[in-house]
Number of protein chains: 2
Amino acid sequence: MSEVAFEVRRGAYYDSVVLMQLQRALAELPLVEDAGVVMATPSNLELLQQNSLLPGQAQAGPDDLLIVVRAGSLVEAQAALGQVDALLARRRAAVDQAYRPRSLSAAVKQLPAAGWVLISVPGRYAAGVAREALDLKRHVFLYSDNVSLEDEAALKQSAREAGLLVMGPDCGTAVLNGVGFGFANRVRRGNIGLVAASGTGLQAVTTHIHRLGRGISQAIGTGGRDLKAEIGGITTLQGLDLLARDPETRVVVLISKPPDAQVTQRVLALARSCGKPVVVQFMGFAPPGSRIGNLHFAASLAQAAELAVGLAGAGSNGGARGGPDPVADGSSAAGMAPRAGSGGPPAASGASTNGRRYLRGLFAGGTLAGEALRGLQTLLGPIESNLGGSQPAGRQASPGHLLLDLGGDEFTVGRLHPMLDNDLRLRQFRQAAADPEVALILMDVVLGEGAHPDPASEWAPAISEALRQRSVEVVVLLVGTEADPQGLPQQRQRLAQAGAAVYEETEAALEHVLRSLSPELELPGAPVTLPNGVAAINVGLESFYESLLAQSAQAVQVDWRPPAGGDERMMALLERMRAKA
Amino acid sequence: MSEVAFEVRRGAYYDSVVLMQLQRALAELPLVEDAGVVMATPSNLELLQQNSLLPGQAQAGPDDLLIVVRAGSLVEAQAALGQVDALLARRRAAVDQAYRPRSLSAAVKQLPAAGWVLISVPGRYAAGVAREALDLKRHVFLYSDNVSLEDEAALKQSAREAGLLVMGPDCGTAVLNGVGFGFANRVRRGNIGLVAASGTGLQAVTTHIHRLGRGISQAIGTGGRDLKAEIGGITTLQGLDLLARDPETRVVVLISKPPDAQVTQRVLALARSCGKPVVVQFMGFAPPGSRIGNLHFAASLAQAAELAVGLAGAGSNGGARGGPDPVADGSSAAGMAPRAGSGGPPAASGASTNGRRYLRGLFAGGTLAGEALRGLQTLLGPIESNLGGSQPAGRQASPGHLLLDLGGDEFTVGRLHPMLDNDLRLRQFRQAAADPEVALILMDVVLGEGAHPDPASEWAPAISEALRQRSVEVVVLLVGTEADPQGLPQQRQRLAQAGAAVYEETEAALEHVLRSLSPELELPGAPVTLPNGVAAINVGLESFYESLLAQSAQAVQVDWRPPAGGDERMMALLERMRAKA
């Protein structure tokens, strides 16, 4: 029968490397079967149990260190436990050789060129160290996890004001000026820039780009929660702005888990106006399309890399379908902000671009309506529709965007489908055209067998009349072939002559709508400038320091200890004293 | 002041064309300002109100016809109403010229070759007509909407037993043997086949394929609700099976709104085993990847067409990454069913393919874990994970698939990240390898700066040991470059020599997992055979009949009247008498 002995050390701090090495050393002692050295969180206690290492009577909480040894007898297990302090001392002796600054401010004096502070101390101390780094006007790479969302928001807000980046918390990786931070693969330098709320996502994409023969300009990690509503994508927006201004970057790749809807809208609005092709891979997110203007939506990490490589090599800026202006150069003091979200050339028939006027979508085809609705909602914000959510069929005037599928069941009881009979849609069209709040009417015209024999004969006069009365735009999505009975070229010509902007693909029509209706986007805070080269201060895992040196970066390791030796009550007292000072 | 006069006709049947023409004729009468002729549904009453046509005191329900005229005075409006019967009679005289069968059975005698019945009568009569057509052993194209989900399920179930298709209800379009049904564009014939639960979606994709210079073999509409749980994708599965057996079809395109999760799994399992590249565009659906085996996921209708055209021209069957067997030819009596869902070559290390053994995913990278989880859940069904839903961290044995992100916050309190320290993951790996319910272990190994200096040195022995003890598969997703300190080729070689299947892209690894773990798929019912050529019977909208003739198809128009002249009580009585007979 095996027996388990244990010891609890309350509130004492050891870094994770020390704990790992202690566990290994204990497990390797003669007569010991297995050992566990963990912080006593519920999850860790479960893992101990799975390994037959959970002592029945241990009273330990998440802030306590629990050391457990399993051996053939209790005496043997306890003997092993008796060696813990000797094993810890052996480790310490091996490490404490060279002189190392004990504080961040001392480290900054030792390496004044340091533009970055890498932080990988345990989560509960990490926000404090990051605050110190920001006070010293350094960018922060915050590897630590288990940092609260409130701390993350506060840190990022102050960083934004100061034109500094907080990459993280829980930021595993970055590649800055060719040097990998944290976990990072060695990849070629090149013209593809990344902003990623995803550590191994960034690694998978950069390695695949490398495998395909291209390279990376800058790869900026943001931490996995940056695109949550509480954070608002602060670091992502800063990173996008930075890459838009970076002359080395030709294509931008954006990676995240599915972001908050409003944050998505904001991030994609900035991406739309950045003047470079942007590949978007929001995992688990239904994309608004495959390509809308300069935005290219990928369905996997591998595809994100493949699209980026294709765009980086094509020699074009990717904005061929009427994309936005070339990006502002780095000399602009305010970076990309403020900038009209439309970004593109003024809309053909002069609709307002002040974002205060609305869309009316009047569709005959349900799927076309659905594709337009999904695409526009992602990029433009909420749209009322009978295709989902509310049923605003009877609305005469809406205070916002409205898109109707007039072929929906509720409209076709005893009535011909709107592809056959234009009457209902013409009535809705005239009302929308007369509504001073409506800036743009988006509609489909579907040709073919079974459909109305000459839709343009009814729509062209209605469109001409609408444009004569008011400055409204009419965008038509025309579906058909030249072999259709109505004749695609004839219908297209007649609708265009009436003043409609005619497209044959949903995404091209949506790009037109977005150019006209996107609200202006303003980026608060100061623009970020990356330091030249890489000089950095590392607080926490030594392997990150060693990796910086191995990559020929300048680096200083701080011999960090938690405030008050990790004693929680003392820390709280110190914090209060500091706040008063 | 304008005045409104109205008339209600209860339970009388007129087809939609008659109603449209009556409304136009009334509106064109001298002194009339506007007119409305509608079934008095709530939605239609709202539309009347928008056009100042809603009479205050009308008592009319959804089955009643409401005729409204607005004129300068009540007398003038009433005078116009007085002409309704004369206007209706004028219309009837213009139509009733040629001899037309009054019933479906008479029409079938007139055109015995008719393989199809097109039905576009009002929704409440449509299921009855469709049942009659199925009894006569004809395929059904059911344009009518407002048919209940229960009727749809019952119709499709009986059709499936008889090897017949019910395309619809609310099926707007199809292209069969080069002839467009309902609303359909004239497009080139070719080698791309479609199955679409989406009318204008099918039209947009077929026209874009035509525009890109390629053509259509068969385009099968299913009705918009076919992939709902209540219907189970019956017509979609039949259509896929049919296109898989069709020698003219080289590439298949599947279009739908986001389907029910279980239906998605079933449909994609059949698609995976069909031996041809399948382009999938499920709108508003987060795709499980960009390409998994022979499945290619599109993010828009336009992209679906573009992918299909690329695959149709490539001269390959698209299954290059280890795709399934060539499709069975049409001579197989049971069509594609039953067929092992795996479809591919037997898995390298001989795991069971009986679908009764499970996956363990043990990841160090959260994003890689997330990408694998999403992809596999879509195609394989529910997977427990700490990345969403339940938190099964402490589970030792699971009755199903389990995938863990061991880099998650709950695992890293006081512990090094699993990219640095393999201890926790090695323990989990050994447990999984010893679990007789586990057929396959999927894991990542991430190289690079900051990561473990030689992960293969710890993993290769563990993998060898696991494979020596049991028939379990180990699939490794390896992320790194040849420039990484650990050396990608060296790590790959060592892991592969230990017996792991090593991939460098998530989707390739997922394809391996699916080949090993996909359950067998059985298609109930009889396989569908399409008739040669097109001969059809049309019940409802005459324009569909005319369009068939214009396309040189053989067609008969039924001079259809609702049972009992549309009287609901009489219809119910007749139905009961019929059920007894």
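Predicted model: local features only at pLDDT ≥ 70, side-chain atom pairs only at ≥ 80, totals over all residues.
## Overall make-up

Chain A holds 18 helices and 22 strands. Of its 581 residues, 59% are buried.

## How the two chains relate

Chain A superposes on chain B by a rotation of 180°, with 0.0 Å of shift along the axis and an RMSD of 0.1 Å. The two copies are therefore related as by a two-fold rotation axis. Within chain A, Ala286(A) has the C-alpha nearest that axis, at 2.0 Å. Both copies use the same surface: 100% of the contact residues of chain A recur in chain B.

## The interface

At the interface, 90 residues of chain A are in contact with 92 residues of chain B. On the chain A side, helix H8 (residues 199-211) gives the most, with 7 residues. Sorted by class, that side of chain A has 35 nonpolar, 39 polar and 16 charged residues.

## A helix with one buried face

Helix H13 of chain A covers residues 423-434. Its 12 residues reach 17 Å from the first C-alpha to the last. That is close to the 16 Å expected at 1.5 Å a residue. The buried residues of H13(A) are Leu424(A), Arg425(A), Gln428(A), Phe429(A), Ala432(A) and Ala433(A). Seen down the helix axis, these buried residues fall within an arc of 160°, so they line one face of H13(A). The general background is simple. An α-helix has 3.6 residues a turn, so residues three or four places apart point the same way.

What do the buried residues of H13(A) pack against? In chain A, they pack against strand E15 (358-363), strand E18 (438-446) and helix H14 (455-469). Helix H2 (42-50) of chain B joins that list.

## An open parallel sheet in chain A

One open sheet of chain A has 5 strands. Their order is E6-E5-E4-E21-E22, with parallel pairing. E6 and strand E22 (554-558) of chain A stand at the edges. Each has a single partner strand, so one side of each is left without a neighbour in the sheet.

E5(A) is paired with E6(A) in the parallel sense, over 2 bridges. Here Phe141(A) stands opposite Met167(A) in E6(A).

## An enclosed strand in chain B

Is strand E3 of chain B largely enclosed or left open? Of its 8 residues (64-71), 7 are buried, so E3(B) is largely enclosed by the rest of the structure.

E3(B) pairs with two strands described here. Strand E1 (residues 3-10) of chain B runs antiparallel to E3(B), over 8 bridges. In E3(B), Asp64(B) stands opposite Arg10(B). Strand E2 (residues 32-39) of chain B is also antiparallel to E3(B), joined by 7 bridges. There, Val37(B) stands opposite Ile67(B) of E3(B). As a general point, side chains in a regular strand alternate between the two faces of the sheet.

Most residues other than glycine have a negative phi, and most peptide bonds are trans. Some places in this model depart from that pattern.

In chain A, a cis peptide bond joins Gly168(A) and Pro169(A), with omega about 5°. Pro169(A) sits in the loop between strand E6 (166-167) and strand E7 (173-176) of chain A. In chain B, a cis peptide bond joins Gly168(B) and Pro169(B), with omega about 0°. Pro169(B) lies in the loop between strand E6 (166-167) and strand E7 (173-176) of chain B.

Lys137(A) has a positive phi, near 65°. It is found in the loop between helix H6 (123-135) and strand E5 (139-142) of chain A. Is Lys137(A) buried or exposed? Lys137(A) counts as exposed, because it has 11 C-beta neighbours inside 10 Å. Ser552(B) also has a positive phi, near 65°. Its loop runs between helix H17 (542-550) and strand E22 (554-558) of chain B. Ser552(B) has 11 C-beta neighbours inside 10 Å, so Ser552(B) counts as exposed.

Terms used:
Residues numbered from 1 in each chain as written. Chains lettered and ligands numbered in written order. Helix = DSSP H or I, 4+ residues; strand = E, 2+ residues; numbered from the N terminus. Buried ≥ 20, exposed ≤ 12 C-beta atoms within 10 Å, placed from the backbone. Pairing = 2+ DSSP bridges. Contact = placed C-beta atoms within 7 Å. Nonpolar A, V, L, I, M, F, W, Y, C, P; charged D, E, K, R; others polar. Expected span 1.5 Å × (residues − 1). Arc of directions from axis to C-beta. Least-squares fit on C-alpha atoms with pLDDT ≥ 70 in both.
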